[in-house]
Amino acid sequence: MAVEIPIYMDNNATTRVDPRVLEQMLPYFSEKFGNAASRNHSFGWEAEDAVDNARRQVGALIGADPKEILWTSGSTESNNLAIKGAAHMYAEKGKHIITSTMEHKAVIDPCKRLAKEGYDVTWLEPDGYGIVYAQQVAEAIRDDTILVTIMWANNEIGTINEVSEIGTVCKEKGVIFHTDATQYVGKMPADVNKAGIDLLSASAHKMYGPKGVGVLYVRRRRPRARLEPIMEGGGHERGMRSGTLNVPGIVGMGAAAEICNNEMSDEAIRLAGLSHKLVKGITDQVETAVLNGHPTRRLPHTTNISFPYVEGESLLMALKDIALSSGSACTSASLEPSYILKALGASDELAHSSIRFGLGRFNTEDEVDYVVDKVIHAAQHLLMMSPLYDMVLEGVDLSKVEWAAH
Amino acid sequence: MAYSEKVIEHYENPRNVGTLDKDAPNVGTGIVGAPECGDVMKLQIKVNPQTGVIEDTKFKTFGCGSAIASSSLATEWMKGRTVEEAEAIQNTQIVQELSLPPVKIHCSVLAEDAIKAAIADYKKKQDQQVDQPVAAAAN
């Protein structure tokens, strides 16, 4: 097996910039350095043309009009602007917001801040597969509901929510619908009109574009979604997000979006095949291993597997040649069990040993074979050492043991 | 997290992994930690009652590499020592031997707890035996 070490398999955290993307970006750092807001000279016009082209490219990826694409620094900013911006704009209409416990922190924390400001937030809980259903949203909507924010696909387990159905519910009730589509866009077909989405967040660096650039899709018609800005200044981006545009980054996001749009179907089929190979390879050999999330309603490239009775850090230690994530990359430094797996009802020790395999455009089948082999070996080595597995084999119910906590 | 060479060596080649008969009168078993804390250690000693020397040790650990290395090292150190000598092993010695960083000191504390728990279990069994064999001998 010819694989180069280390292997990168953490593409839900970030992706490598596609060389074709980088090539298109480079001139905008040097000879084409103009400010897209400069209206008086060719440098500005050139930059503005490039930005407009990128708007078309991103718009095409999600079925939006280019005018509805608003540039940001990434999904965290897009989520903050969508949630706080809509909440503040529509505060007179009501103060009720609906979200879920499965969201990324960049949605959870803005919602918590709004709750401190006096907004009423309903936290929907997913089922055991990690799915949030339209029915739950329909039951939670009230007369004073102004915003529903539910992610399209989960970043840790890859499960896909009932976004189109939620969009339909929101349209019927006249409530603004935001979706954090960071993990979904560029990987799976998206159409904001078919899905009834009013606000959508996406990041370039999750789809083989550069870091530091993202978009917020803001619907202009039926209904026109309005936002109170967070960044104020020169009135860029229809007044909703001031600040000189990151032209090279935007060109990169546009190029990345176009490549994803062209290659999505082939790429999804290839990555789903590799993910299947990974899951089957591991679960066939490690009988305790469990796939988290929904078996089929999931992103093609994201796989999350729990290794019960094996501790996560020790598992990653055996896999040091492979860049993987234990729980959410953003919270794993704290060694806390993943809140997303907890939301699924996984017990703490299960959550302690979950690994996310994030495949991407540049992973090969040989790499998958290598990883499967390493994971099987490591899990078996650690199971052999695990006192918990021994107890389970003896018929002990671990949840009933009184542990001598230290 | 960068692990020291010694931690990696113990993790890759753990000493004395396994299980002793926990019901045997000369075997002491200590189980410490909790799954929700991320560490559970089971440490067992088999003592020669005549000499008081620990003849065999076994461990099983659910935990990070440092926890595995701490318990592996503890079993290595205890073997061949008397119960009293083994009882004197301190977590600071484990920290030093394995070059554990501050965030991993709790692994050494847990290993010391496991040593003490295994010895306590052995001593408890010995005390119970002192009372009983007289009756057994009379039969």
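Analyst: Here are the domains, a helix and the chain contact, with the rule behind each. The model is predicted: local features need pLDDT of at least 70, side-chain atom pairs count only at pLDDT 80 or more, and totals for chains, interfaces and linings use all residues. Residues are numbered from 1 along each chain as its sequence is written, with chains lettered from A and ligands numbered from 1 in the order in which they are written.

User: What makes H7(A) a bent helix, and where does H7(A) bend?

Analyst: Helices are DSSP runs (H or I, at least four residues), numbered from the N terminus. A bend is the angle between axes fitted to the seven residues ending at a residue and the seven starting there; for H7(A) this is about 65° at Glu263(A).

User: How do you know which parts of chain A are domain 1 and domain 2?

Analyst: The bounds come from an automatic or database domain assignment, which gives 7–13 + 264–400 as domain 1 and 19–259 as domain 2 of chain A. Their C-alpha centres are 30 Å apart.

User: How many residues of the two chains are in contact?

Analyst: Contact requires C-beta atoms, placed from the backbone, within 7 Å; by that rule, chain A contributes 20 residues and chain B 25 residues. On chain A, the elements giving two or more residues are helices H8, H10, H11 and H12.
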